[in-house]
Amino acid sequence: LDVVEAKANAVVEELRLRGRVIRKRRSVGLVPQPGSEITRESLDEAVLSYQEELHAMNDGAGPGLPYCAFNGGTDTWVDVGNKRVGVQVLQSYLGIQPAETLHIGDQFLNTGNDFAARAVSPCIWII
């Protein structure tokens, strides 16, 4: 999260965004300043920057734990964990196979928070 927080602050400066970085226990977010908006393209650029920075960690091996970097529509977030892990835990808890699971989401692009679920469940994309 330290790496992402530093990158988010750099993105705010590089793209001259009217936004602020929020650090939580298991996530880092970039949100617009009150009364401001951040364009979708800038949000996507921020997420792609986070992903690039995270992938470069540990000599290109990544951070070594599941994470989700996504464009939330008005903000961006990087969370520890992702929907792949969540779906797998639910499948295990319910004792069902991936083929018996259906994930419904609206963010299946590589900058969305449903992207990782595609690896462990059939999915429906709601637009």
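Where does Lys7 lie? Lys7 belongs to helix α1, and we will come back to this residue below. The model you are looking at is predicted, so to speak of a local feature takes a pLDDT of at least 70, side-chain atom pairs count only at pLDDT 80 or more, and totals for chains, interfaces and linings use all residues. Residues are numbered from 1 along each chain as its sequence is written, and side-chain values use heavy atoms, with hydrogens and water left out.

**The sheet**

Helices (H or I, at least four residues) and strands (E, at least two) are DSSP runs, numbered from the N terminus. Two strands pair if DSSP finds at least two bridges between them. Strands of a sheet pair through backbone hydrogen bonds, either parallel or antiparallel.

In this model, 4 strands form an open sheet with antiparallel pairing, and their order is β1-β2-β4-β3. At the edges are β1 (19-23) and β3 (67-71), each of which pairs on one side only. From one strand to the next, the twist averages 15 degrees. For such angles, axes are lines fitted to C-alpha atoms, for helices over the stretch in contact, and angles run from 0 to 180 degrees between N-to-C directions.

Let us walk along two of the pairings. β1 and β2 are antiparallel and share 5 bridges; a hairpin of 3 residues joins β1 to β2. Within this pair, Ile22 stands opposite Gly29 in β2. β3 and β4 (residues 76-80) are also paired in the antiparallel sense, over 5 bridges. Here Asn71 has Thr76 in β4 as its bridge partner.

**Helices on the sheet**

Helix α1 (residues 2-14) packs on the sheet and touches β1, β2 (27-32) and β4. The direction of α1 makes about 170 degrees with that of β1. Helix α2 (residues 40-55) lies across β2, β3 and β4, and runs at about 160 degrees to β3.

**A few residues up close**

Is Lys7 buried or exposed? Lys7 is buried because its relative accessible area is 17%: buried means under 20% relative accessible area, exposed over 50%, and partly exposed in between (1.4 Å probe, protein chains only). Contact means heavy atoms within 4.5 Å. Leaving aside neighbours within four places in sequence, Lys7 is in contact with Glu14, Ser49, Tyr50 and Glu53.

Ser27, in strand β2, is buried too, at 9% relative accessibility. Beyond its neighbours within four places in sequence, Ser27 is in contact with Leu1, Ile22, Trp77, Val78 and Asp79.

Arg20 sits in strand β1 and is partly exposed, with a relative accessible area of 43%. With neighbours within four places in sequence left out, the contacts of Arg20 are Gly29, Leu30, Val31 and Gln33. The C-alpha atoms of Arg20 and Val120 are separated by 34 Å, and these two residues are 100 apart along the chain.

Now look at helix α3 (residues 57-60), where Asn58 is found. Asn58 has a phi near 55 degrees, a positive value in a residue other than glycine. Asp59 is also placed in α3, and its phi is likewise positive, near 55 degrees. Asp59 counts as exposed, at 84% relative accessibility.

**Two pockets**

On a 1 Å grid over the protein atoms alone, a pocket is an open set of points where a 1.4 Å probe fits, with protein on both sides within 12 Å along at least five of seven lines; lining residues have an atom within 4 Å of a point. Grid points are joined across faces, edges and corners, and a volume is the space filled by probe spheres set on the points. For the classes, Ala, Val, Leu, Ile, Met, Phe, Trp, Tyr, Cys and Pro count as nonpolar, Asp, Glu, Lys and Arg as charged, and the others, Gly among them, as polar.

| Pocket | Volume | Lining by class |
|---|---|---|
| Largest pocket | about 220 Å³ | 5 nonpolar, 6 polar and 1 charged residues |
| Second largest pocket | about 190 Å³ | 3 nonpolar, 5 polar and 3 charged residues |

Which element gives the most to the lining of the largest pocket? That is β3, with 3 residues. Both α2 and β3 supply at least two residues each to this lining. Residues lining the largest pocket include Gln51, His55, Tyr67, Cys68 and Ala69. Around the second largest pocket, the lining residues include Arg40, Asp44, Asn71, Gly73 and Trp125.
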